[in-house]
Amino acid sequence: MLGHMGHLPDELLELVLNEMPCFYLSFISEGGSTELSGLFVEKPPEGVVANAGSDVTLIAKVDSTSLTRKPVMKWLKGKWMDLGSKAGKHMQFKETYDRNTKIYTYEMKIIKVVAGDAGGYRCEVTAKDKCDSCTFEITVEVAQQEEKADILSAFKRADAGEDDGDLDFSALLKATKKQEEQPEIDVWELLKSAHPSEYEKIAFKYGITDLRGMLKRLKKMHAPEPKHTEAFLKKLDSCYSVDKGKKIVLTCEVVDPNVQVKWLKNGQEIKPSAKYVMEANGNIRTLTINRTTLADDAAYECVVGEDKSFTEVFVKEPPVTITKLMDDYHVVVGERVEFEIEVSEEGAHVMWFFEDVELHKDKDSKFRFKKDGRKHTLIIPEATLEDIGMYHAWTNGGHTKGELEVEEKQLEVLQDIADLTVKATDQAVFKCEVSDDKVTGKWFKDGVEVLPSDRIKMTHVGRFHKLVIDDVKPEDAGDYTFVPDGYALSLSAKLNFLDPPKIHLDTTGNMVSQNTIIVVAGNKLRLDVEITGEPAPTVVWTKGEKIVTETEGRIRVESRKDLSCFVIEGAEREDEGNYTICVTNPAGEDKANLFIKIVDVPDPPENVKCTGVGEDTASMIWDPPKYDGGAPVKGYLMERKKKGSSRWTKLNFDVYPDTTYEAKRMIEGILYEMRVFAVNSIGLSPPSLTSKPFMPIAPTSEPTRLSVHDVTDSTCSLKWLAPEKIGAGGLDGYVIEYCKEGDTEWVVANQELCERQGFVVRGLPVGEKINFRVVAVNIAGRSPPALLGQPVTIREIMEHPKIRLPRALRTKYIRKVGEKINLVIPFQGKPRPVAIWYKDGQPVDPKMVNVRSSNVDTILFIRAAEREHSGTYELVLKIENMEDRATVIMRVVERPGPPVNVRVTDVWGFNAALEWDPPTDDGNCEITGYTIQKADQKTKEWFTVYEHNRRTNCTVSDLIMGNTYQFRVYSENLCGLSEEPRVSKNTAVIAKTGVIYTLMFDMSCMPKFTQPLVDRSVVAGYSTAISCSVRAFPKPKIIWMKNKMIIDDNPKYLMVNNQGVLTLRIRKPSTFDGGVYMCRAINELGQDEVECKLNVQGENSLHSTDKTVLTTKIITW
């Protein structure tokens, strides 16, 4: 159709384009990306005639063979009305797909056509970059007398009360109820003659819910001729259309640019707000409505005096699509079913259908509906066979369906009946479980139905069925069956009646009680137990948790008919314990518990030791045996012997009941040993372990020369000498005791024995007079006490303060910058003196110097010395009004600065004279000398000319003719050379003479060292170098060796050869790098070598060397 538009006249083409939907205009513009192609294989007929009240079905088919994705179908009425949003009882849409032909079939069904369904329709199909469209028209034929009623019903909305701007023709689905005959009223005439403010009242009175649609139809049917007005140059358009949420502007033009206008909505004046913006620009008057909603779908007026301009605004709501389709369900009866879909917007209205019946949320309905955001769910709590079918979900922009299949439940046996074996008077319970808790059934015994009685009870709880038989009797034995009602199924089990087992235990013989058997160790035990029961029971013997299964061996079980024998050959102590015999058969079990007790001689006593001795006696003690042999211990027998002898002497012949014993009639000074035997009713135990040797001895004599060494306000220090007579028992220690003068109760001052001959008694009351005594203690006990002649008054003795300055600090104390200073100065005095440090007459600054003092010394500590720490330090030691002083002169030195004004004063021949001034900074100590170096302008390499030069001038000789020399000078003091040298301001030029020398002799010579290696001592960790010089021609090969081993490419060593000056640099040597180093030069004429000894010392050696040099300098000064 579009291809032939080029042959139409311009006026007709413009008319067609104005009436054509925007969808088609996109294809006429050049460069469009969507291709218009023939996708329809079947289209609805162009003209469809339908009778009012009948159903109409329109079908369109699309071939998807060449499509990459599923096509999308839209059914439209007029220019823009999407009928998908009107899906419901009046309009239904269906979609099917044939997998074989790959053809989609789309159906639109209009139920009970009304006159309002007449008009032009269009169906559009799109699939990515392809599309197709077709148009058709529906004509509705109605009876003449019902035309007016049908036209009115066409404007009824599906959901009364909703403010929806779109026309909803689905309301025609509702059948017109027959009402009682009333006088006919022409609503059209009422609306024509009524004022617009009365429209809503008329619509409410006569049931017209779609008033705006009716007014629009009324305008089309009876378009009034435009009325000439003097207030408006251009009125509002007859109607406006806007998408929901968008902005719309209503514009008109008035004659008077200064006139005021009013805007009305459905007859009500509109007030300016953020939503409604009213503007006047010259003759133009505009009303802007922001963010339109369905409530803005209304009639609007612009009023100027008595003149008015009317218009209508239609708000289009986008269709709600289904983003997640419904799934099919296959369940069994009673299961829960949830059909779930997702829509494109929250709060959307979704209609659910079962087959062709709409499902509603009623109180008696089995269906439940759930909304969660964009998710909508149809829930069937318990599915039945009546629920089988197709379920549909409709929105105004989509449709989905799902099929529900329900199967009947098969009765399943979850728990079968089990066979029972019971004995007399027991209870028998048959129990089964089936899958359906509503199934009933009957019980049978040997084919005869079981009836309930006092002993027999039948229960049905949920899925469980029980048959309970109390006080079982022999006649209850048989086959029992449960038959569910309505099912060809039966469950069977058997009831067996049995005699339980019994143990007949003989309690005579070895049984001392009903369940205890005593056996003497080494004897044999044989226990015969009679057993009855039918069928023959199984016998199990256990000791504790261990089962005895052996039929041969020392411990065994012998089985005979109606008899079980338990045998222990040669009973041992480990055989004692609880034994259990258990007999079981299907009728039950029986148990008997036995305790077999093994009695034996006791274990030997333990921990035999001597607790005290006298001149001829000794007190002994021991512990009872851990095991008494199963019988109480009656007493003990003791024996003793001299150490080294094998002859034991009995000390008692009658059993001694206690565990302590005093042995008598021994010889003092002789070592004895002792052992003990335990006795019970079975016999004599083995002997105990021999005690440690002990010696009968007497205590020592008292300590001698007890005296007071020191007294403070709370302590007293005592000293004494050892006792004159100690004896063979030796001396273990001393006990110090004290008491106040006049008291008789002595207090022990030491918790443990004091092994030294001195002790400090603490915690004494000040000012009290205290008596002291000391007792010596050994194995024999306490000696007589040693007493002081008179009580001691507890009060501290005053002692003058005295500083003991170390010899090294009595002279000037010199340290280098950065070194640690730690001065420890001991002192004495009582009570504790107070130590105060001063520097140059002022108290020391704690931020620069750390001071710590104790009872006996004071320490001045500087972590890193600086030059400002130099000065005179004074220590003042005070005790009340007494004091002592000591002075320490400290000097902190560092390297000096470079000399000043280095200059060349004279040059003659091969000599140059230098002079300079001393450095401005001497490093806080005397300048000991200068180091002078030279360098010619060609090589720029520096060589040392003089070291330790004490004067401020020198003469440099042996300069080479024709060279220009520059000089530099280092200052040197106790710390070493200055950090930087001072370079001479001018240079020395050695002029050439006019003499021309002709070389007439051969320059070749074998290697000869002109400067040998020199022995050196270096400090570990500081890089060093050794140098020598050699003369040879041709150029020699240089080899360095350490301890006669050639030094290869070792990164620790760097070998340099500069015009015959050979240097070996050693990086951060350690003590292992010390040794004999040799340098060998070789050429074709011969070789020469030199060697030196390198001594690597630790850092401690450096400090001692520094002290020695410092002392020497001071003495020299």
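View A. A disulfide is a covalent bond between the sulfur atoms of two cysteines. With a cut-off of sulfur atoms within 2.5 Å, the count is 0 disulfides. Cys1079 shows why: its closest cysteine sulfur, in Cys1028, sits 4.1 Å away, too far for a bond. Cys1079 is buried at 0% relative accessibility, and Cys565 is also buried at 0%. (Buried means under 20% relative accessible area, exposed over 50% and partly exposed in between, using a 1.4 Å probe and protein chains only.) This is a predicted model, so local features need pLDDT of at least 70 and side-chain atom pairs count only at pLDDT 80 or more, while totals for chains, interfaces and linings use all residues. Residues are numbered from 1 along each chain as its sequence is written, and side-chain values use heavy atoms, with hydrogens and water left out.

**View B. The largest nonpolar core.** A nonpolar core here is a set of buried Ala, Val, Leu, Ile, Met, Phe, Trp, Tyr and Cys residues joined through side-chain atoms within 4.5 Å. The largest one has 32 residues, and Met73, Trp75 and Met108 make the most contacts inside it. Among the elements that give two or more residues to this core are strands S5 (72–77), S8 (103–110) and S23 (351–354). Helices (H or I, at least four residues) and strands (E, at least two) are DSSP runs numbered from the N terminus. A second, separate core of 22 residues includes Leu805, Leu860, Ile862 and Ala886.

**View C. Aromatic rings in pairs.** Rings of Phe, Tyr and Trp (its six-membered ring) pair if their centres lie within 6.5 Å; planes under 30 degrees apart are stacked, over 60 edge-to-face and the rest tilted. The structure holds 19 aromatic pairs. Tyr104 and Tyr106 are stacked, because their ring centres are 6.3 Å apart and their planes at 15°; both residues are buried. Trp443 and Phe482 make a tilted pair, with centres 5.1 Å apart and planes at 45°. That pair links distant parts of the chain, 39 residues apart, with Trp443 in strand S32 (441–445) and Phe482 in strand S36 (478–484). Trp443 is buried at 4%, and Phe482 at 1%. Elsewhere, ring pairs link Tyr329, Phe339, Phe354, Phe367 and Tyr391 into a cluster.

**View D. Arginines over tryptophans.** A charge sits over a ring if NZ of Lys or CZ of Arg is within 6 Å of the ring centre and within 35 degrees of the ring normal. Arg675 lies over the face of Trp648, 4.1 Å from the ring centre. Arg773 has its charged end over the ring of Trp746, 4.3 Å from the centre.

View E. Most residues other than glycine have a negative phi, and most peptide bonds are trans. The Lys830 to Pro831 bond is cis, with omega near -10°, and Pro831 is in the loop between strands S64 (821–830) and S65 (834–839). Phe1033 and Pro1034 are also joined by a cis bond, with omega about 0°. Glu355, in the loop between S23 and strand S24 (357–359), has a positive phi of about 55° and is partly exposed at 39%. Arg665 has a positive phi near 60° and is exposed at 76%.
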